[in-house]
Each structure stands twice: as structure tokens, then as C-alpha cells.
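Hello,

Here is the structure I said I would pass on. My notes follow below it.

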Amino acid sequence: MRSKCNLWLAAILFVAGFAWVIHGTDAAAQSGKPYYEGKTLRILVSSSPGGGTDTTARLVSQFLPKYLPGNPQTAVQNMPGGGGTIANNYFTANAKNDGLMLFQDSSSGLGNFTRGGKRIKYDPRKYKAIGSVTRGGSLLMIRKDAKSRLSDPKAKKVVVGDTDGIRTWLAMGVYGAEFLGWNLRFVYGYPGTRELALALRQGEVDVWGTQSAKIINEFLQDGGFDVLCQQEDERRPGFSNVPTFEEVLGDKKPKGVAWEAYNAWTGPNDIDKFLVAPESTPDHLVTMLREAFFKMSSDEDFKKQATQFFGDAWRIRRGDRTQAMIRDATTVSGKATEYLTTLRKKYNLPTGEQKQ
Amino acid sequence: MLQAALDGLLGVLALHSLGLMCVGVLIGSMVGFLPGIGGPTTLAIMLPFVMTMNDPMAVIALLVGIDAVGNTASAFPSILISVPGSSGSQATIIDGFAMAKRGEAARALSASFTASLIGGLIGPIILLASLPFLRPLVLAFGSPEFFVLTIWGLAMVGVLSGNAPVKGLLAGIIGVLIATVGLDVKSGIERFAFGEPYLWEGISLILVALGLFGVPECIDLARRKSSIAERQELGSGFTQGIKDVFLHWWLTVRSSAVGAWVGFLPGLGSSVADWFAYAQAIQTEKNAHLFGKGDVRGVIAPEAANNSKEAGSYIPTLAFGIPGGTSTALILTAFVAVGINPGPEMLTTGLSFTFAVIWTLVLANIVAVFICMAFAKPIAKACFVPFYTIVPLILVFVVVGGFSAHFSNTDLLVLVAFSALGFMMRRHGWPRAPLLLGVVLGAKMELYLWLSYTRFGFEWLSRPGVIILFLLVLVSVLYPLRRQKRAGAAA
Amino acid sequence: MSDLSMDQTARDVRRRNFEKTLFTLFIGAVLLGAMVVSWEWPVRASIIVLVLGSIGIALAAVQLISDLKSMAPGSARSEALSLEAPALESGNRWANVEIWSWIIGFLVLIQLMGFLYAIPLFVFLYVKVYGGGWLLSVVLAVCAGGFVYVIFDMVLHVPWPNPLIPLFKMT
């Protein structure tokens, strides 16, 4: 009987001791240390692995902790789908204000928001922007064997492929069809960059746009592909022989609400890949993150890797500037929104109301 | 080419690269052993560390080492406790666990590792042989062809279901419907999520697998109040398992080839290679009625395939810089960071890196198999320990693994729901494997159907590749049915 | 087999067949429910549900007919003669309740105390209650708890949820 009591006592003491060790270790460790020490910073990404948004997130996850006090661990979580809708909605509903979850999105998320619709349950204007990486304007690639059909309305339609039918570069295709008479048909639903790259090689799609200089150069090296035009106001270094879309439009460039709508669609392109914290994040954490992001951009290793991934034309924008650009890109007049909706319906692209 | 092969080999055999490869193998093996932590999670954790390395050969050795061997060690939980350690070892559960219940766990494990070794050697050989025509190979499969392949996978459901084809097809359909839960990528519509943000991401495959297989078998163990092995003798053992692989050498080679060829299909192959291999084994082997009841061939086929598929998944990666799956997408990111440019260069100026990948796949498999073989016998004895030592550990394994899906308490609720479903299915004789396969294939099936229709209209039905594949589907479904009928008539 | 035990087994077989039929009905109801919910969606989102749902309902009807046939009055007794069915013994129902209680209890413990406390406690209790010795119970509890702590907490930094009892909260 006595030995049974002793054994019970031993068991209770053991469990209590185990609890004390864990609890005590943590408590001691927590006092007076930098905010991010021993913590994990999660970065939610609105795309599948391997594309530009994912690559940016992984670069950030590698270098940002170096400049945050406490040097946290990082974990990248992919949540593709709906052109960023899924991840944006999830981030808005679930992210806490403890600075431990950031969101890497791309211009598509802004485009979706501007387009509107009942699936949109987020507001990017409310996010606290930490900074952005822009890779230069999009370039529109076309298979050489499809080029002759582009201006021939009697020929088989040239197929433009996209993920969600929302991408900013798609505006070049739609406005090309509307104002230049390009013989185009739009197909969307491809999961991501790598599937579209394969589809372009296979001839399943004939036209595709991307900002990644690396991908474009690979295609150009392969032969069999051309670059039709680029989205920037000025020609990108490395693509100085490719006309801008405005140059291609020439005197057919639309005016008034049509052009306002074009700018509304493509505006987010300048922001490209941006990193944000939730709306309720305290100012001191936002400042800490913004400073770290900016310092990160001067890191030599970061610069080297960014150039390897994105080509020479990439650049960083600071958090406050990114915040202002997000506001500007998502402020669109009702008329321009209506114009875009009509235009998109004409070319069988998804609009805010998903009744097609 | 010979010089590139030698450079690649020397690069991998350099002391620090070899050391990193062994580290990668250990990490990959441990990850494969633990359900819930998959290869992509591990690679994502390693990525920041790897991207600071300067030696491309060392990066290849570490990352390819991790990626190549996860499926080898994942046979442990699949065979011993009916919990898939990775997506590549799901099919192994069917016969592997049945063998463990008969006291033949050691035989199943040694057969699995030997088959993995051979698969891991044949896969790179097929990759090597494919080098000259990698690009046309990848370009041959468009959305319509992928769609028919997913149909093929589901059509095999009827084959796998043995004598309950109606239940099997129903289970497969339910699996596909489960895969539709969440926000639809192409329309942004919330499907079966009922406004719940947790469900926007869809239902995690880990939770389905753990719930359908892990918990019901654990419940059965607890109810029986005995050990995993229903017979308390060792039965045929370790050496027999190794002999089995050589006795069925043609099955092993065939399954490895199936794995490598299916593995190269970008986005699709890595999750179904083991099922395709298992199904082709049932369709072509004699006495197919023994499959599902603890036939060692049901372990050899998927295990050979799930190692050879790793080499196959590098085909689109090397040819075009298009990753075969999530793991290779992450590896690709690291490659670019250290100056390896996946794509056309890998077959010209970067050929030595290509060979380094091939050599690492071979060597990592050999090392992993030896490690697993060393642990097989002692771990197999777990099948004879009393249930009260093993049941709580399995439940801990399963619950923590399930929680790792999204790190949410809701994961545990979903796990309970699927456990209840798996329990009821088992109780009433509904095959569970087709449901799991339906979840795996559902999203891809819908996607490729949509892309085929929206891009080609109904013209996609007349593509030569589609017609050939449809014929193959018909043959692979009708032939075993005809064989079954003949066998029934003869009996 | 005596007449009495054959009758008992036949009753068990009938009950089992009834449960089987209910389960088939449940599957059919799920399919029907999925089709009803998806009716309002755009075609590109609903097509796969409608097509597969229709096929599924037809198959469920076929399966239901087969299940109902096995419930017919003569069949249970004849099934009882030919079936080895230890799982049909009513004693097993309590075994099911027992293990499900442990599983749900474990999950409740996790909610109350958090993973890192609940795991060793659960392992210890289960092993001890079903016949393990003190040493074995403690060793397995320590191993399970330690393994999860080292791998999932220290290495993987899994974000554990806060337990309901504040005393067990990890800071």
C-alpha cells in the first residue's frame, strides 16, 4: 500500500516536473529579449510554388529575418487560387496583429479587388504595406507560327492563355483585340506560371505575358517565339528593341474613359509583388518590418539573387510608397469600372459577378 | 557526354557533397517516416539555408538527397500501422498492412526496401535514356491527354475494388467531390465551404489519408485488444522479402518503368505513380484475386514505382525548367539561386549538373535502403507488442500529423470526421482506397476537363494522343474484368 | 450451432444489414445534397458535381437495392449459417464506444491542456489502464512527449494553439 502511494507520488511529481521544465524554460527565455527571438514569421503567398510571387516570398523569407531584431525563423505557406482571392480572403479573416504573419501578394489581388464581386472579402487599402519588388513591365510573347494569324480575322483565332483572366498584362491583349483588331481568343484556368510556360511551348496557347526576364530570355533562346510588345511607359533595359504597347497602339490609342479603364487595369502592374501586414498591426511593428525590408534590399547577396531570378530591371519600393500606390491603383471611377466590365464580358473573361 | 558524367560523379563524391547527401538522406528518411510532414515542408525549411551555399554540387547532393528517399522510409508507417507516411506510399498500405497483420511485417518491409532500391536505380536509367528526347516527350502531353490520364486513374478504381465495383466507383466519386471543396480556382466560387474560411483551402489530403486509414485500423487494434500481428509468429521473414523482389523481377522492372514514365507528367505523376503501378500489377499478374489480402506483389509494385518516379519528375524540370511537382518547384528555386539554370542549358553547358542529379538519385537510394534495412527487423517487432503500447503512440502520431495540415484546431475536427467515415466504410465493406484516389485526382481531373473544353471545344476528343489513351483505358479496364469472368467460369 | 445461437446471429446479421443500408442511404443523401447546393453555381463550377453526382445517385440506387435484398426476411438466417462474423457480436459495440471515448477524450485533453501536456498524460493513462507497468507507462509517456517536443516544437516551430486552461499556456 505504501509503495503504491509512493509510486503515485512519483508519477505526479514526474508529470509536474515535466510541466515545470517546459513552462519554466519558456518563461525564462521570454524575458527581456528582442521581439522576434524564438518566433516564427509566416509568409502567406497567393500563388503556387515556383512562380514570381512565390520566388519573391522565398527571397524575402531568406533575407528579411537578418534585419529583424531577434532574427526569427520563417515559414512560407502557399495558398493559390482565384487570382489571389483565396489567400487575400484568408489573410483578412485569420491574420493576427502580432507581426508574425505577412502576406506576399501580386498585382492580381489588386485587380480582383478593383473588379469587385461578392467573392471579394478583403480590402488591400487597409493592409499595412511593408514594401514591394517590381520586376519591370510585362512583356507579351507570341509563338512565331501564330503571328501571321494575329491580324487576319479570317484565320483561326490566336489563343491567349492566363491563370484567372485577371492579370494586368492581359489588358494589352484585350485592348489589342478591341482597338487594333487582333484576332484573339482568351482561355483561362491554368494553375500557374509553369503550366502556362508548358502550354505555350506545346502550342496549346499562342500568347502569354510575364514580367520575368529570365523566362522570356529562355523562350527567346529556344527560338520559335517573339515578343510583341511591353507594358512599361519606357522600354525596359534588355528589351530595348521591343515596342511599348502605347507605341504599338499609335494613333489608335483610345482616350477618355477607355484609357482610364486601361490604366486602372494595368496600374497594379507597377506595384507587382508586394508584402503586407494585417490592418491592425501596431505601428511600431510596421516600422520595424519596413526598416528591415529596406535594409534587406541593400544586402549584396539579396541583390545578387534577385538579379538571378528577375533580371536586371527589378527594383524595391518602400512600404509607405507601396501603400500610396496601392491606394492609387484601387481608386477607379465607376464609369471606368463599368467600361472594363463590359469589355471583359465581350471577350468572355470573368467579371465581378460570376454568372457566366 | 562522358566527361560531363564523370564531372557530375566527381562533384557528388567530393567529401562535403557526400556528407551533405548523407545528411539529406537521413532527413528525407525521417520525414518519410512521419506522416503529416511531407517532402515539400522539409524542402521549404531547408531552402533558406541552401540558398546561401555557393557550391551547386553540394546543393544538388543535399536537396536531391532529401527528395529522393522520402518514399523509402514512408513504407514503415504504411506497412506497420496503415498510415501513409507520404503520398507515394498510399497504395502500399493495402497489401503491406495485411502482411503485417499476418506477422509478415519484416518480409513486407524488406521487399519494400529492395523494390525501392531497384526502382531508385531503374528510374535514373530511364531518365538517362530519355535525355535525347526529353523535350518532345514533355511536349506530347497537353490538357486533353492529362484529362484522359486522370480518367484512367479513376477507371482503375473499378479494378482495385475487386468484388465491390459499385461501392468502389461510388467511393471514387465521393473522393472527387471532396476535392471540389474550397474556392474554385477558375471562377472564385466558394464550393461547399458554407462561408467557413478554413474550408476555402479545401480539405487536406493528409487528413483524408490519416482519417480513412490510420484511425480505423487503430480502432480495430484497440477493439481486438491484441497486437498488430494477429498471428503471434514471425512468419516468413526478412530474407524472404528480398528474395521475393528477385523472384518477381519482371514485375519490379515493369513497375519501376511505370513509375518513371508516370512520374514525369508535370503536376500529376508524383501523386499517382504508385497507384498506376499497383493497378498494372493487378491487371497483368496471375492470381490477381490475392491482391489486397497481403500479397507481397502488392508491396513490390508501388514501392518500386514511388522511387523511380522521383527520377521521372526531373524530366520536365531538366528539359524546360518546369517542375514536376511542389518538391521539384522548391528545388528549382534553390538551383537558380546557386547559378544552376534549369532548362535547355541542362542538356548542353549544364550537362554535368544533370549527371550530378542522376548520380545523387542513385547513391541516395542505395544509402537510404541500407539505413532502412538496418532498422527494419527491430521496428517490425513492433507488430508483436501489446496493443496498449502501440495504440496511444499511433494516435499521437496521427493527431499531431493531422494538426500539421494547417496548424488549426479545425484540422482535428476534420480528422475525426474522416475517421468516422473511414470507420463506417471499413465496417460495411466499402473500399477506402478509391475514395483517397478520387481526392488525389479530383482537382486535376476537373482542371484538365475545363482547359480541354475551353481551349479546344469538342475537338479535343479527336486528338490522336487522346484516342490512343482512351483505348488504353478501355483495354486496362475490360481485360481484367474479362479475366475475372473467365476465372469465375473455370471455378 | 444451436438454434438459439443461430437466431441470435441472424438478428445480429439483420441489424448489421440495416446499418449497411443506412450508410448507403447516407452516401446517396450526400450526393443529392451536393447536387442541390451546386445547382445555383455557374456551369464551369458545377459541371463536375452535377455529372458525377448524377452517376453517383444512379450507382447508389443500385447499391441500395442490393442492400435491401440482403435485409429480406429469409436472408439473414441463411447468412448467419455461412458467415464467420465475430464482429457482429454485440460485445464489440461497447469496444467501439470504449476506443472512441479514448480518442475524443484525447482531443478534449488537447483542447484543455495543449498538445505538449496532453500527449504524455494520454499515453501514460492508456498504457497504465490497459495493463502496462509503471515503468513502461512513464517511459512511453516521456518518449512520446519528448519526441513531439523536440521535433515539432524545437525544430519545426509548430504554432500550438492556446489551451483552454490558462495554467497550461506556453508563453
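Subject: an enclosed strand in chain A, and other points

Strand β1 of chain A, residues 40–45, is largely enclosed by the rest of the structure, because 6 of its 6 residues are buried. Please keep in mind throughout that this is a predicted model.

The burial of β1(A) applies to both of its faces. On one side are Thr40(A), Arg42(A) and Leu44(A), and on the other are Leu41(A), Ile43(A) and Val45(A), all of them buried. In a regular strand, side chains alternate between the two faces of the sheet.

β1(A) has two pairings to look at. With β2(A) it runs parallel, joined by 6 bridges, and Thr40(A) stands opposite Gln73(A) of β2(A). The chain gets from β1(A) to β2(A) by way of α2(A), and this β-α-β crossover is right-handed. With strand β3 of chain A, residues 101–105, β1(A) also pairs in the parallel sense, over 4 bridges. In that pairing Leu44(A) stands opposite Phe103(A).

Between α2 (52–63) and β2 (73–78) of chain A there is a loop that holds Asn71(A). Asn71(A) is not a glycine, yet its phi is positive, at about 40°. Most residues other than glycine have a negative phi. Phe192(B) sits in the loop between β2 (190–191) and α11 (197–200) of chain B. Its relative accessible area is 12%, so Phe192(B) counts as buried, the cut-off being under 20%.

Next, the nonpolar cores. The largest has 277 residues, and Val391(B), Leu435(B) and Tyr126(C) have the most contacts inside it. Helix α18 of chain B, residues 351–380, gives the most to this core, with 14 residues. Another core, of 32 residues, lies apart from it and includes Val45(A), Val76(A), Val133(A) and Phe302(A). Val45(A) is one of the buried residues of β1(A) noted above.

What does Val391(B) touch, leaving aside its neighbours within four places in sequence? In chain B it is in contact with Cys218(B), Leu221(B) and Ala222(B), and in chain C with Ile99(C) and Tyr126(C). Tyr126(C) is itself listed among the residues with the most contacts inside the largest core.

Two further residues of chain B are worth a look on screen.

- Gly312(B) is part of helix α16, residues 297–320. Its relative accessibility is 2%, so Gly312(B) counts as buried. Not counting residues up to four places away in sequence, Gly312(B) touches Ala260(B), Gly263(B) and Phe264(B). The C-alpha atoms of Gly312(B) and Ala257(B) are separated by 9.4 Å, with the two residues 55 apart along the chain.
- Leaving aside neighbours within four places in sequence, Ser352(B) is in contact with Ala4(B), Asp7(B), Gly8(B) and Met57(B).

Last, chain C. It is divided into domain 1, residues 7–71, and domain 2, residues 96–168. How many Å separate the centres of domain 1 and domain 2 of chain C? Taken over C-alpha atoms, the separation is 38 Å.

Regards

Notes: Residues are numbered from 1 along each chain as its sequence is written. Chains are lettered from A and ligands numbered from 1 in the order in which they are written. This is a predicted model: local features need pLDDT of at least 70, side-chain atom pairs count only at pLDDT 80 or more; totals for chains, interfaces and linings use all residues. Side-chain values use heavy atoms; hydrogens and water are left out. Buried means under 20% relative accessible area, exposed over 50%, partly exposed in between (1.4 Å probe, protein chains only). Domain bounds come from an automatic or database domain assignment. Two strands pair if DSSP finds at least two bridges between them. A crossover is right-handed if, with the strands pointing away from the viewer, the path from the first strand over the helix to the second runs clockwise. A nonpolar core is a set of buried Ala, Val, Leu, Ile, Met, Phe, Trp, Tyr and Cys residues joined through side-chain atoms within 4.5 Å. Contact means heavy atoms within 4.5 Å.
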